[in-house]
Amino acid sequence: MYEGIEAPFGFEKINDRWEIGIGMSDGQFSQVSFVNSICTLKGGQHTNHVAEKVIAKLSTVIKKKNKGEEVKAHVIKNHLAVYVNCLIENPSFDSQTKESLTTRPKAFGSVVQLSDKFLKTIEKSGIVDRVLSWAQFKQNEQLKRKGGSKSSKIKGCPKLDDANYAGTAKSKDCTLILTEGDSAKSLAVSGLSIVGRDYYGVFPLKGKPLNVREASHSAIMKNEEIQSIVKILGLKKNEVYKDTSSLRYGHLLIMADQDADGSHIKGLLINFIHHYCPSLMQLPGFLQQFITPIVKVTKNKKSESFYTLPQYDNWKEENGDGRGWDTKYFKGLGTSTAKDAKHYFANLPTHRIDFEALDDPKGGDVVDMAFSKKRVEDRKKWMTDRERGAYVDYEVDQMTYSDFINKELILFSVYDTQRSIPALMDGFKPSQRKVLYGCFKRKLTKEIKVAQLAGYVSEHAAYHHGEVSLTGTIVNMAQNYTGSNNINLLFPSGQFGTRLQGGKDAASARYIFTRLETLTRAVFHVEDDPLLNFLEDDGQSIEPDFYSPVLPMILVN
């Protein structure tokens, strides 16, 4: 009867007064409605009322599927076709032709209550997918408009040391070095004295980049680091790049620490390029990584550099545990001196490794597996099936993305899991184990400030993260209010927080004191200490891989 309007895929007769159907429009709200057998060509309050109830349900579903991003009600409404046949008490219209109902819903004389079954039918229809598709299209258009462009000068990136030829006809030969923090930038800038500033630019990252694969549109738009990278490189989202002639830089060199967190930063940047401009990963040499030693050993005039800890451990096993060799650990790029930086850049082919062009679809799939929230089970299998002791080979000219993910990034994933989930043996996370080790080593029977204990643990247990998080760990181990610890291993002397605020109202670490609880050594017998497998870091003995309590502490606390 009405040409161009699809038949409803959901229909419900609510009562004797209301019959409702919902279909899908072509992008503009449409309706077919009758009030007391009068055809209302322009709809009115009755169609709007029904549409609002449907939109309220769909908006919740769409927000969940749109990474938490809300889609405005009028956008959803534009994709609806509403069919209404109703009986209204004393209806009023906008004119004598009675094309639009003006009676307010509270005066309808009946209530419109859509059933859960009907709403579920609408939810499973194609409306949700169509709205999401439209929203994604608009988001991509906005990202393209906000994308960068090729220009010799850019504004809004105060920490950028731009290459002299960036954005010019020679831009394809320029390399942008992304560093892990300001200290690493200083190292890179020292190296520029060797290679020059014509073809090399440096930009420091603040913390870890955003996982854009799982981030909402607004989060990407508001993220300064991502927007800065887009602007500096001149990227346009989902642009198909055949070469780098339209970009401000022809190469992206990632310069991060050679530890697990550095590997994570590299992975997040690879994930960003794969999600934002996947065609760039098909260009050989666009993505590169800068490697520095994590351990260096010297003996007389001989020297060996190791770029992963497993590689160094294997060398120690083959060389008498490294006896007779002087060992230097590089905790991060900040450990390297300006002299080291000049040496690195003077031997750039040794320290720069290109990523191979991504021709194999499996290479892109492994990046998706590593960073997509939808593939949790795949990641579990990935970590469970890993080859223990394997390490990535840096003595190559090119590295595949699969090798990076499966041999380097996996070390971070395993490490992050270990520091996030308590061990079954003793119920401790690594930071808690380090605190207890420090207390046992100091024989902490007399009270000291929490801040002092944090410094001691950081020194003697090789804690490489901020002392703020370490003081938080100490405070948590000493809390004894209901709901915190069933057995607090440290004694709380001072305000260590209350149940009211979940322990967040603890006093500053400078003002509170702690010591070992008397019960602690009864749970962790001193006689068991010689049986423990104590680890080693930077040549010093630190905490064991786990303690052996007489109680299952994983269940106690």
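## Salt bridges, surface patches and annotated regions

Arginine 248 is buried, with a relative accessible area of 0%. Here buried means under 20% relative accessible area, exposed means over 50%, and partly exposed lies in between, with a 1.4 Å probe and protein chains only. The model is predicted, so local features need pLDDT of at least 70 and side-chain atom pairs count only at pLDDT 80 or more, while totals for chains, interfaces and linings use all residues. Residues are numbered from 1 along each chain as its sequence is written, and side-chain values use heavy atoms, with hydrogens and water left out.

**Salt bridges**

Side chains of opposite charge can pair when their charged atoms come close. A salt bridge is counted when a side-chain nitrogen of Lys or Arg is within 4 Å of a carboxyl oxygen of Asp or Glu. The whole structure holds 23 salt bridges. Three of them are set out below.

| Lysine 63 | Glutamate 70 | 3.6 Å |

What does the pair of arginine 248 and aspartate 162 tie together? Arginine 248 lies in the loop between helix H7 (224-233) and strand S10 (251-255), and aspartate 162 lies in the loop between helix H4 (127-146) and strand S8 (175-180), so the pair ties together parts that are 86 residues apart in sequence. Helices (H or I, at least four residues) and strands (E, at least two) are DSSP runs, numbered from the N terminus. Arginine 248 is buried, whereas aspartate 162 is partly exposed at 24% relative accessible area.

Arginine 213 sits in the loop between strand S9 (200-205) and helix H6 (217-222). Is arginine 213 buried or exposed? Arginine 213 is buried, with a relative accessible area of 10%. The C-alpha atom of arginine 213 is 7.3 Å from that of phenylalanine 272, and the two residues are 59 apart along the chain.

**Surface patches**

Patches are made of residues with over 30% relative accessible area and no salt bridge; like charges are joined within 9 Å, and nonpolar side chains (Val, Leu, Ile, Met, Phe, Trp, Tyr) within 5 Å. Accessible areas come from the Shrake-Rupley method with a 1.4 Å probe, and for residues only the protein chains shown count as cover.

Glu356, Asp359, Asp393, Glu395 and Asp403 form a surface patch of negative charge. Asp and Glu count as negative and Lys and Arg as positive, while His and the chain ends are not counted. The place of a charge is NZ of Lys, CZ of Arg, CG of Asp or CD of Glu. Aspartate 393 is in the loop between helix H13 (376-384) and strand S16 (398-399), and glutamate 395 is also in the loop between H13 and S16. Aspartate 393 is partly exposed at 44%, and glutamate 395 is exposed at 71%. Glutamate 395 and serine 100 are 76 Å apart in space, C-alpha to C-alpha, and 295 residues apart in sequence.

Leu424, Ile554 and Leu555 make a nonpolar surface patch of about 350 Å². Leucine 555 is part of helix H19 (residues 553-556) and is exposed, at 70% relative accessible area.

**Annotated regions**

UniProt positions are given in the numbering used here, feature names are shortened, and annotations may be inferred rather than shown by experiment. An unreviewed UniProt entry lists "domain: Toprim" for residues 174-288. Over residues 174-288 the chain is 41% helix and 17% strand, with the end C-alpha atoms 13 Å apart. The UniProt annotation "domain: Topo IIA-type catalytic", from an unreviewed entry, covers residues 421-557. Over residues 421-557 the chain is 32% helix and 14% strand, with the end C-alpha atoms 13 Å apart.

Where does UniProt place the feature "active site"? The unreviewed entry places it at Tyr511. Tyrosine 511 is in the loop between strand S18 (490-493) and strand S19 (513-516), and at 55% relative accessibility tyrosine 511 counts as exposed.
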